[in-house]
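Please look over the sequence and the model first; the description follows.

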Amino acid sequence: MPSPVGTPAEPTVEAPPGRAARIRSEVTQFLVAGGLAYAVDVLVFNLGLSLGMGGVAAKIVSSIPATIVAYVGNRYWTYRHRDRTGVGREYTLFFVFSAIAAGIQASSVFVSHTLMGYESKLADNISANIVGMALGTLFRFWAFRTWVFKHKRPGVAPVVEGGMS
């Protein structure tokens, strides 16, 4: 039955954010932290090209400072609510998965150069910083969520055997 006019309604309690909202928030934060790392990556990559490095070497070198920026952003912002399983473990796994993702990006440059014959700075930037970055980002998001920053597991209640003796 509706409440009479002038009578305060029952306060509504908002449900905690659902799984989709949490994932959307994680993705947004991951992309912002990654965006900063991406800016570092592109800057160092193009600096390497300007200094005469080849595209693959410049991509590998640029991945190192970008990975450090990404780790800090993800550990202390994106995944701050997740279990801390030790900086050494996290950092090692983060670098391993980031190295794999950097390999994905460098492979994009390799394919562009070797298989497709595109060797301009523009082609290097498209293959490394658009195609390779998109593929590497998908891989990183999955790997970091799954392996590096473990999700907190609620404690399991002990099993109590009941009954009369």
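## Charged pairs and their surroundings

Lys 59 has a relative accessible area of 0% and is therefore buried; buried stands for under 20% relative accessible area, exposed for over 50%, and partly exposed for values in between, computed with a 1.4 Å probe on protein chains only. The model is predicted, so that local features need pLDDT of at least 70 and side-chain atom pairs count only at pLDDT 80 or more, while totals for chains, interfaces and linings use all residues. Residues are numbered from 1 along each chain as its sequence is written, and side-chain values use heavy atoms, with hydrogens and water left out.

The protein has four helices and zero strands, in the order α-α-α-α from the N terminus. Helices (H or I, at least four residues) and strands (E, at least two) are DSSP runs, numbered from the N terminus. Of the 165 residues, 31% count as buried. Among contacts with a separation of 6 or more, 73% join residues 24 or more positions apart; a contact means heavy atoms within 4.5 Å.

Side chains of opposite charge can pair when their charged atoms come close. A salt bridge is a side-chain nitrogen of Lys or Arg within 4 Å of a carboxyl oxygen of Asp or Glu. The whole structure holds four salt bridges, including those in the table.

| Salt bridge | N to O distance |
|---|---|
| Glu 26 and Arg 82 | 3.1 Å |
| Arg 145 and Glu 26 | 2.6 Å |
| Lys 59 and Asp 41 | 2.8 Å |

Which residues are linked to Glu 26 in a network of salt bridges? The network is made up of Glu 26, Arg 82 and Arg 145. In the salt bridge between Glu 26 and Arg 82, helix H1 (residues 19-50) provides Glu 26 and the loop between H2 and H3 provides Arg 82, 56 residues apart. Glu 26 is buried because its relative accessibility is 4%, and Arg 82 counts as buried at 4%. The salt bridge of Arg 145 with Glu 26 links helix H4 (residues 121-148) to helix H1 across 119 residues. Arg 145 has a relative accessible area of 23% and so is partly exposed.

The salt bridge of Lys 59 with Asp 41 connects helix H2 to helix H1, the two residues being 18 apart. Asp 41, like Lys 59, is buried; the relative accessibility of Asp 41 is 2%.

## The end of helix H2

Thr 78 belongs to helix H2 (residues 55-78). Is Thr 78 buried or exposed? Thr 78 is buried because its relative accessibility is 0%. Leaving aside residues up to four places away in sequence, Thr 78 touches Glu 26, Gln 29, Phe 30, Ala 33 and Gly 73.

## The surface

Accessible areas come from the Shrake-Rupley method with a 1.4 Å probe; for residues, only the protein chains shown count as cover. A nonpolar surface patch consists of Val 56, Ile 60, Phe 110, Val 111, Leu 115, Met 116 and Tyr 118, with about 700 Å² of accessible area together. Patches take residues with over 30% relative accessible area and no salt bridge, joining like charges within 9 Å and nonpolar side chains (Val, Leu, Ile, Met, Phe, Trp, Tyr) within 5 Å. H2 and helix H3 (87-115) each supply at least two residues of the nonpolar patch, and H3 gives the most, with three. Phe 110 is found in helix H3 and is partly exposed, because its relative accessible area is 45%.
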